[in-house]
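The stops below are given in the order in which they may be selected.

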Amino acid sequence: MPQSRISVIVWNEFQHERENPAVRAIYPDGLHATIAAALRETPGLEPGALALEVATATLDQPEHGLSEERLAGCDVLVWWGHKAHDQVSDAVVERVQRRVLEGMGLIVLHSGHFSKIFRRLLGTHCSLKWREADEKERVWVVEPAHPIAAGLGEYFELPYEEMYGERFDVPPPDETVFISWFEGGEVFRSGLCWQRGHGRIFYFRPGHEAYPTYHDANVQRVLANAVRWAAPRVRIADRCPMSPPLEKLSAKEMAFAKVGILQQGGEAR
Ligand code: ZN
């Protein structure tokens, strides 16, 4: 899929920032605006890395800002939600799922572990342990060769974060890039990759709204890397066609024909 830039939409439910002055002080224009600005300003590290074209969308916009047309032009969708997961329409969830299966990348952040779209794509509860107690988080890079870890050290630390602990009820990931340790003793698989259909999915744990996590340079590096990793390689709409043989088939015993193997368009019995 040759193209000159990667088109990104940063989606945010945008509720805490409007209702809670402490959160608004950290993210005056919403955390989607902070993430979008960071993505625009963080260049890719690979030679020839594509530039990002970054837009935002929020829950209160028509169709949550994720119309058929906007999603059709989106390469990677970044998702932050927490208290309003149930307000996301099932039609939009269905639409996002279809685009991921076609090849669109999806990056799910922090409390997005309970979003409808993440649970739909992974098929499990996606539950975990949590505690909000201003703890230090140490994020260990356990796959330093992975593109999402490019430019990071052996670990990085966030002085204040919400704790998420195992077990994280997700299917086994294709790759585990980060594992977090928390001051209270728990650990958590905090950077996980899956492929669903033709699309790449990355879950990244940090990002509780009460802390300035998305202003952190290491976190911004992870997001810039992740968007480029998740960019589509193909775009293939779902279909399930009857397929004529490429080679001429030899005549078979009637017994085979009866079970429908050679009956093009017929029903197998
Ligand atoms: Zn949180």
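With which residue does Glu 137 form a salt bridge, and how far apart are the closest N and O atoms? Select Glu 137 and Arg 205: these two form the salt bridge, and their closest N and O atoms are 2.6 Å apart. A salt bridge here is a side-chain nitrogen of Lys or Arg within 4 Å of a carboxyl oxygen of Asp or Glu.

Before continuing, note that this is a predicted model, in which local features need pLDDT of at least 70 and side-chain atom pairs count only at pLDDT 80 or more, while totals for chains, interfaces and linings use all residues. Residues are numbered from 1 along each chain as its sequence is written, and side-chain values use heavy atoms, with hydrogens and water left out.

**Strand S5 and its partners**

Glu 137 lies in strand S5 and Arg 205 in the loop between strand S9 (199–204) and H7, so the pair ties together parts that are 68 residues apart in sequence. Strands (E, at least two residues) and helices (H or I, at least four) are DSSP runs, numbered from the N terminus. Both Glu 137 and Arg 205 are buried, where buried means under 20% relative accessible area, exposed over 50%, and partly exposed in between (1.4 Å probe, protein chains only).

Next, select Lys 136 and Glu 157, whose side chains meet in a salt bridge at 3.8 Å, N to O. This pair links distant parts of the chain, with Lys 136 in strand S5 and Glu 157 in strand S6 (residues 155–165), 21 residues apart. Lys 136 is partly exposed at 26% relative accessible area, and Glu 157 is partly exposed at 31%.

Then move to Arg 131, which forms a salt bridge with Glu 186, the closest N and O atoms being 2.8 Å apart. Because Arg 131 belongs to strand S5 (residues 129–141) and Glu 186 to the loop between strand S7 (175–182) and strand S8 (187–196), the pair ties together parts 55 residues apart in sequence. Arg 131 is partly exposed, at 27% relative accessibility.

**A network elsewhere**

Select Glu 63, Glu 68, Arg 95 and Arg 98, which are linked in a network of salt bridges. The whole structure contains 18 salt bridges.

**Helix H7**

Finally, select residues 217–230, the 14 residues of helix H7. Of these, 12 are buried, so H7 is largely enclosed by the rest of the structure; among them are Val 222, Leu 223 and Trp 229. At the start of H7, a side-chain oxygen of Asp 216 comes within 2.9 Å of the backbone nitrogen of Asn 218.

Definitions and conventions. The expected span of a helix is 1.5 Å times one less than its number of residues. A polar contact is a pair of N or O atoms within 3.5 Å; within protein, one must be able to donate a hydrogen and the other to accept it, and residues adjacent in sequence count only if both atoms are side-chain atoms.
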